[in-house]
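User: I would like to learn how to read the features of a structural model one at a time. Please give the general idea, then the case at hand.
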Amino acid sequence: MVITGHWIDESWQLQKRMLNFVHIPPLRRGLEIANAIWRCLEDWGIESKIHIISVDNASANDSAIENLKIYLRNKRRLLCEGRLFHVRCCAHILNLIAQDGLFEIKQIVDVIRDSVEYVRRSDARLEIFSEIVKQLNLSEKKLVDDCRTRWNSTYEMLAAAIKFKDVLPRFADRELHYDICPSAEDWTKAKKVCSVLELFWTATHIVSEVITLLQTCFLMRFETIATRTTLQFAMWTSETFALARARARQLVVSEITRVRARQLDLYKLVELELPDT
């Protein structure tokens with residue numbers, strides 16, 4: 001587990017530092033996580049200066065946060081009675097939504113992935129593929145593998161493969177055992193998938209930028225991304241669109257906008273305690 005601290009310095013600049021790397025043996029229950037975090041806070045002498053903790057949506061983390069609230073209440077009163085203490089990781093929420101969407105369109109992704117793996121599995125096939133790329137005078141040079149458990153790498157794989165959609169049919173003419181060449185319809189679907197994943201990619205980078213966390217433009221930028229995402233999902237089936245719209249609007253816009261707006265108001269009204277430099 002990595003523990004990272006964020007604070008506002010004397011010049012009102014948002015700072016970030018890694019505080020510790022902690023090994024927590026299985027089963028990694030909430031109490032063990034809370035105790036590991038608490039020991040780190042005590043080591044740094046900042047246990048009385050913690051206002052907000054952000055973690056992903058694992059159930060063990062929910063238990064850990066509740067235990068930390070108990071520890072901290074013994075030290076001081078929590079801001080807003082602790083209502084702002086637990087901030088769920090925005091990037092993790094986006095990841096859950098993207099993974100759900102990819103599961104619904106697994107067949108579309110698998111068609112492209114199988115071709116990428118077939119080409120990259122053999123040096124001889126890669127050589128044939130590269131020759132065709134040169135003949136077509138394409139600026140892109142190579143296909144990209146993906147990690148099936150990481151949606152962002154799947155997006156990178158699809159985005160790279162689309163640029164070679166004219167190469168694979170020619171590759172099929174030379175490689176007799178290659179019989180899984182994506183059809184024109186497959187590429188059309190893949191482009192639609194990429195157009196949606198690109199928005200999640202952008203949104204993930206927005207919420208991951210340290211500098212935007214304290215800017216009001218963050219909310220405007222994210223609202224625009226979320227709106228575009230729901231419109232892009234309309235290209236798919238109505239059922240998938242309804243599910244995506246409900247999850248995107250409820251889990252992303254509602255959660256992030258509500259929490260960030262309350263945080264921005266809090267920064268205006270409350271004099272924050274700053275860590276010792």
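User: Which residues in helix 3 are buried?

Analyst: This is a predicted model. In helix 3, the buried residues are C90, I93, L94, I97, A98, G101 and L102. The helix covers residues 90-104, 15 residues, and reaches 22 Å from its first C-alpha to its last, close to the 21 Å expected at 1.5 Å a residue.

User: What pattern does the protein follow along the sequence?

Analyst: The pattern is β-β-α-β-α-β-α-α-α-α-α-α-α-α, made up of 10 helices and four strands. Among contacts between residues at least 6 apart in sequence, 69% join residues at least 24 apart. Of the 277 residues, 42% count as buried. The accessible surface comes to about 16,000 Å², and 52% of that surface belongs to carbon and sulfur atoms.

User: How should I read the largest nonpolar core, and which of its residues touch the most other members?

Analyst: In soluble globular proteins, nonpolar side chains tend to be buried together. Here the largest nonpolar core has 36 residues, and the ones that touch the most other members are I112, F129, L143, L158, F171 and L197. At least two residues of this core come from each of helix 3, helix 4 (106-120), helix 5 (123-135), helix 6 (151-162), helix 7 (167-174) and helix 8 (184-208). Helix 8 supplies the largest share, nine residues. Apart from this core lies another, of 21 residues, including V22, I33, I37 and I46.

User: Which residues is F129 in contact with, leaving aside its neighbours within four places in sequence?

Analyst: F129 is in contact with V119, L143, F164, V167, L168 and F171. Two of these partners, L143 and F171, are also among the core residues that touch the most other members.

User: Where is I37, and is I37 buried or exposed?

Analyst: I37 sits in helix 1 (residues 30-44). Its relative accessible area is 11%, so I37 counts as buried. Not counting residues up to four places away in sequence, I37 touches M1, I3 and L68.

User: How do strand 1 and strand 2 pair?

Analyst: In a regular strand the side chains alternate between the two faces of the sheet. In this model, strand 1 (residues 2-8) and strand 2 (residues 14-21) pair in the antiparallel sense over seven bridges.

User: Which residues are linked with D110 in a network of salt bridges?

Analyst: The network links K106, D110, R113 and D146. Between D110 and K106, the closest N and O atoms are 2.7 Å apart. Both lie in helix 4, four residues apart, about one turn of the helix. Between D110 and R113, the closest N and O atoms are 2.8 Å apart. This pair is three residues apart in helix 4, so about one helical turn separates them.

User: Which of these residues are buried, and which are partly exposed?

Analyst: D110 and R113 are both buried, D110 with a relative accessible area of 15%. K106 is partly exposed, at 46%.

Definitions and conventions
Residues are numbered from 1 along each chain as its sequence is written. This is a predicted model: local features need pLDDT of at least 70, side-chain atom pairs count only at pLDDT 80 or more; totals for chains, interfaces and linings use all residues. Side-chain values use heavy atoms; hydrogens and water are left out. The expected span of a helix is 1.5 Å times one less than its number of residues. Buried means under 20% relative accessible area, exposed over 50%, partly exposed in between (1.4 Å probe, protein chains only). A nonpolar core is a set of buried Ala, Val, Leu, Ile, Met, Phe, Trp, Tyr and Cys residues joined through side-chain atoms within 4.5 Å. Contact means heavy atoms within 4.5 Å. Accessible areas come from the Shrake-Rupley method with a 1.4 Å probe; for residues, only the protein chains shown count as cover. A salt bridge is a side-chain nitrogen of Lys or Arg within 4 Å of a carboxyl oxygen of Asp or Glu. Two strands pair if DSSP finds at least two bridges between them.
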